[in-house]
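Here is a short briefing on one protein model and the molecules it holds. Look at the structure first, then work through the points by topic.

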Amino acid sequence: MNAIGVAAMAENYQKFNPMAYLQNNYAPPRANFTSEEFAVPWKLRRLADAFATGKITGHTLIDIGTGPTIYQLLSACDYFEEIIATDFLEVNRNFIHNWVHNEDKDGFDWSPYIQHVCKIEGKGEMWKEKEKKLKKKLKRILPIDIHQPDPLGSLLSQPADALISTFCLEAASPDRPSYDKAFQNVTRLLKPGGHFLMIGALEESFYLAGEVKLTVVPLSEADIKESFAKNGYHIHDFHSYSMPPTLKIGVDDVQGIFFIHAQKSA
Ligand SMILES: C[S@@+](CC[C@H](N)C(=O)[O-])C[C@H]1O[C@@H](n2cnc3c(N)ncnc32)[C@H](O)[C@@H]1O
Ligand SMILES: O=S(=O)(c1ccc2c(c1)CN[C@@H](CF)C2)N1CCSCC1
């Protein structure tokens, strides 16, 4: 692991502004729900379809690098008893805590996301019911460092039944070797035979989150598939999405995004 590079990233992340990050990536105009030609509906569809197979279920799901977002957990909450959110930054853990406990009316309005997921899941679920269900299942919000051999330390008593992670590993690693090591570290959090859903950036080198510019490890589709394969995963499904020019507004240089559903060898 590149200890100096990891330390530099950690220092840079101290300037991460959750609300600026949400404004850049999850608020209109970038967050356009009118067509699955847009990134957000595309992501929500991938997750809804993966969980609708019924293959990804169990007691505990861990979200690696939750950040200040909850969209990635909306379809999962029907399939797990306990969802554990994790993040490196206390400011992000507090953001999630405040959403769960309704403690901050100035937080972010996730209702368009919850309404969209209820619509595409087609179960006739009212969005307030899904919101209530997710808040009830989000039982722990833990500190994590993917660069530690045991990213959650003593806070996790046994490996999880499933992992999910969105835009974390590539945005938290200074280089490819550190990314690969972090991948190995998070894999230890998953039980043999457990499922891993990941959404991430393709060929991105930076993103903005308020006053800070964060570096990202540029990864190709082949890099992603190689990481999963060499860590003993079977890839069930892989999709990629090319970022249209209209969604490139300078807050990052992401060229596309990927979705992968993989299963850790038993
Ligand atoms: C680009 S954000 C992704 C947030 C969210 N998952 C999403 O889908 O938008 C990257 C996240 O990785 C977290 N992070 C940074 N360094 C980390 C580390 N060493 N271990 C775990 N998470 C880290 C940041 O705090 C941030 O929340
Ligand atoms: O869902 S996205 O694909 C998305 C969402 C989040 C992020 C990125 C992309 C790329 N930079 C990441 C930094 F790590 C964060 N999206 C980008 C287009 S507009 C709506 C948001």
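In this briefing, Ala, Val, Leu, Ile, Met, Phe, Trp, Tyr, Cys and Pro count as nonpolar; Asp, Glu, Lys and Arg count as charged; the others, Gly among them, count as polar. With those classes, the shell around ligand 1 has 12 nonpolar, 8 polar and 2 charged residues. Keep in mind that this is a predicted model.

**Ligand 1**
- The shell of ligand 1 holds 22 residues, and Y21, Y26, Y71, D87 and T166 come nearest.
- The side chain of Y71 places an N or O atom 2.7 Å from an oxygen atom of ligand 1.
- D145 has a polar side-chain atom 3.0 Å from a nitrogen atom of ligand 1.
- T66 uses its backbone: a polar atom there is 3.2 Å from a nitrogen atom of ligand 1.
- Alone, ligand 1 exposes 600 Å², and the protein buries 98% of that.

**Ligand 2**
- Around ligand 2 there are 15 residues, the closest being Y21, N25, R30, K43 and E204.
- A polar side-chain atom of E204 sits 2.7 Å from a nitrogen atom of ligand 2.
- For K43, a polar side-chain atom is 2.8 Å from an oxygen atom of ligand 2.
- On its own, ligand 2 has 480 Å² of accessible area, and the protein covers 100% of it.

**Nonpolar cores**
- The largest nonpolar core has 60 residues; L61, I83, W110, Y113, L134, L138 and Y207 have the most contacts inside it.
- Helix α3 (residues 39-52) gives this core its largest share, 8 residues.
- Beyond its neighbours within four places in sequence, L134 contacts I70, L73, L74, C77, I83 and W99.
- A second, separate core has 31 residues, including C168, L219, I224 and Y233.

Note on methods:
Residues numbered from 1 in each chain as written. Chains lettered and ligands numbered in written order. Predicted model: local features only at pLDDT ≥ 70, side-chain atom pairs only at ≥ 80, totals over all residues. Heavy atoms only, no water. Core = buried A, V, L, I, M, F, W, Y, C linked by side-chain atoms within 4.5 Å. Buried < 20%, exposed > 50% of the residue type's maximum accessible area, 1.4 Å probe, protein only. Helix = DSSP H or I, 4+ residues; strand = E, 2+ residues; numbered from the N terminus. Contact = heavy atoms within 4.5 Å. Near = heavy atom within 4 Å. Polar contact = N/O pair within 3.5 Å; in protein donor to acceptor, adjacent residues only side chain to side chain. Areas by Shrake-Rupley, 256 points an atom, 1.4 Å probe, with all protein chains shown as cover.
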